[in-house]
Amino acid sequence: MDLTFSDTELAFRDELRGWLADNPAPPRPAEGGDDADFAWRRDWQRTLSDAGWAAPHWPAEFGGRGATLTQSAIYFEELGRARVPLPANVLGLLLGGPTLMVWGTDEQKDRYLPPILTGEEIWCQGFSEPGAGSDLAALQTKAVKDGDEWVVSGQKVWTSAAQWSKWCMLVTRTDGDVPKHKGLTYFLMDMEQPGVTVRPLKQITGEAEFNELFLEDVRIPDANVVGGVGNGWKVALTTLMNERAGLGFALQVRLRQYLDDLIAAADERGVLDAYAGELGELHTRCESIRLLAWKGLTDVEKYGQPGPEGSLVKWLWSDTNQRATQLAADIVGPDALTYGNDWSYELLRARGNTIEGGTTEILKNIVAERVLGLPRLKAAA
Amino acid sequence: MDFGLNDDQRDIQGTARALVGERASAERVREHAEAGTTDTGLWKELGEIGWPGIAVAEEHGGQGLGMVELAILCEELGRAIAPVPFLPTVAAAAIIEHGGSDEQRARWLPDLAAGRAIGAVASADSADLVVGGAEADVVVLVDRSGASGAVVAAADATVEPVDAIDPTRPAARVSGGSPELLSGDVAAGVDRALVAIAAELVGVCEGSVEMTVAYVKERKQFGTPVGAFQAVSHKCAQMLLDTERARALVSQAAWCADAAPERLHEAAAMAKAAASDAGREVTSSAIQAHGGIGFTWEADVHWRYKRAQMDAVLLGGAGAHRARVAQLAAANVRSAVTA
């Protein structure tokens, strides 16, 4: 057991920390809403990619640094620590790129990877549908072959960044006659074409991170199939496996900062003692999230096998984050419930945490079935 | 960064699991629990192979290994609810080793390390009820702050056995005698004792999860194993989460004791807070998931619940440790602001 970083890892961290100190992100735009915010994050990604810091986890041949899993986690911890935004094209960098590296043809890698890195082409993820959330394989969006093209119709939902995206990782049904996991195909769809309609989905915070995506006779060339026709489920799993790999480390650091801010707020208001129990509990939970995240990652790195930590970390983080935002309202008082401050924003935004990227209920099923080996209840027919 | 055990530590864990599994079976535990006795045969054996002294320095008759190794043994014994005074003894030894004078160390550590003497620890303000005190040769009393304490030889004191809910660790009221003040770094010893208690709790939890999962896979109602119902399976998942959360914090605290003692104080408080809560929650859920059977004397789930309750309050309940964590975190936030 050794809970310290190696010299190489420390050197990586210090280099990044130094670079972030010398290259601070410009302040978040005060006006201009979601569009201005996104442009800000896009500029920031350009700055990162110019310095070779947009995707250190990518292999050097694709413009990354070939960072180890540990270094990649350090990268996200440091972005969180420096309180800079995540790169605008986070879905391309974390999900799309790595999926192409596994399943893409050489032509696809050459064509798509460079503009992901620079943020020139933004990516979104067309997986969930109104009728296919936790049960993703039940998706209905259809693609029908027509010459050397596919014609696609259907509806996707929860599509983050769709309004700014050039490419969509689209999972469709190409064969309705085989069991549901088998008839799927994964495409790269050009978002800038007739038949693609993006409708922002206003969420309980009042902003629109997500969109509905309506597809009507959209055409996709055969060359944009990823991983082969009928192999969409496997390709989608590669994407999903990358979903929480690095991001969790940034979120964990943000939670620690949020709790530190909350402790300072309680101290300032002279109510530290009154809330010491809950603050101590959340601080302890936050530390266990950090440890479990690192344990999961280093187990994969050393033994090639993920332990149960992945699902546990996301479950524990989302629950703890929600509790922290509730406690903030108690400590700060009614002022925390007015629009325009971080407390009220986080209080509302955190409700999504136990739903997005795998609901807590599904995570509990995963733990029960795959970690504890409990029998699965047959779903109602 | 590596959370895994090294080869030697894995050997210790494997040996411990095999030995404890064989000598402290559920039947043996029940036999001793019902009689309110310690398994003196097993305790003697553990003393002979040097377990109680695993973390005690060699110059005091121990093996000179670390807190990580001690935590492994506490966890394995906790997993079986082994009816031996291991935890109270190693907790007392840790506090005497760090907080005692040369004379106090020389007087107690060689015997504690070899299992010839039995130790016990208690909060000085807990009205003199000492867990494991009925059979202890030496009792360490720690004040509420955990920064000062005293040591009492049982031979000089009045020891009145008391029936407590965990009969595998016979309790007593200890009064009188001539408490000698501990003048060293009592806090460093108390923090290690907290880690040992937390490690035992993790073991208690782990055994409870295994036992419960096995039961809900077998037990059928409505034509299906009850473990297939999400009301039950999600409860089991929560038991695992609570256990793993406590385990991660205990691992860190044990490692800090050996490799980063400047971080031990906070790490030990977090570990004890999380493990105390986990111990109660997990063993409560174990009873609930067993249904009516779980409430019966013969189901053996209750020994776990009772041990968890005793450990949870030993050297301060979760609330006291959470409050300490908050104070330490606030001090860090303040110093970051002024820095």
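This is a predicted model: local features need pLDDT of at least 70, side-chain atom pairs count only at pLDDT 80 or more; totals for chains, interfaces and linings use all residues.
1. Residues are numbered from 1 along each chain as its sequence is written, chains are lettered from A and ligands numbered from 1 in the order in which they are written, and side-chain values use heavy atoms, with hydrogens and water left out.

2. Chain A holds eleven helices and eight strands, where helices (H or I, at least four residues) and strands (E, at least two) are DSSP runs, numbered from the N terminus. Its radius of gyration, taken over C-alpha atoms, is 21 Å, which agrees with the value near 21 Å for a compact globule of 381 residues; the globule rule used here is 2.2 Å times the number of residues to the power 0.38. The C-alpha trace of chain A spans about 70 × 50 × 50 Å along its principal axes, and 51% of its residues count as buried (under 20% relative accessible area with a 1.4 Å probe, protein chains only).

3. Chain B has eleven helices and nine strands. Its radius of gyration of 20 Å is close to the 20 Å that the globule rule gives for 339 residues, so chain B is as compact as a globular protein of that length. Its C-alpha trace spans about 65 × 55 × 40 Å along the principal axes, and 60% of the 339 residues are buried.

4. In chain B, three strands form an open sheet in the order β2-β6-β5, with antiparallel pairing; two strands pair if DSSP finds at least two bridges between them. Because β2 (129-130) and β5 (157-162) of chain B each have a single partner strand, they stand at the edges and one side of each is left without a neighbour in the sheet. Two bridges join β2(B) to β6 (residues 171-176) of chain B, and A172(B) in β6(B) is the bridge partner of V130(B).

5. The second largest pocket has a volume of about 1,200 Å³. A pocket here is an open set of points on a 1 Å grid over the protein atoms alone, where a 1.4 Å probe fits, with protein on both sides within 12 Å along at least five of seven lines, and lining residues have an atom within 4 Å of a point; the volume is the space filled by probe spheres set on the points, which are joined across faces, edges and corners. Of its 34 lining residues, the closest to the centre are R81(A), R256(A), D260(A), E287(A) and R290(A).

6. Which helix supplies the largest share of the lining of the second largest pocket? That share, seven residues, comes from α7(A).

Conventions
Buried means under 20% relative accessible area, exposed over 50%, partly exposed in between (1.4 Å probe, protein chains only).
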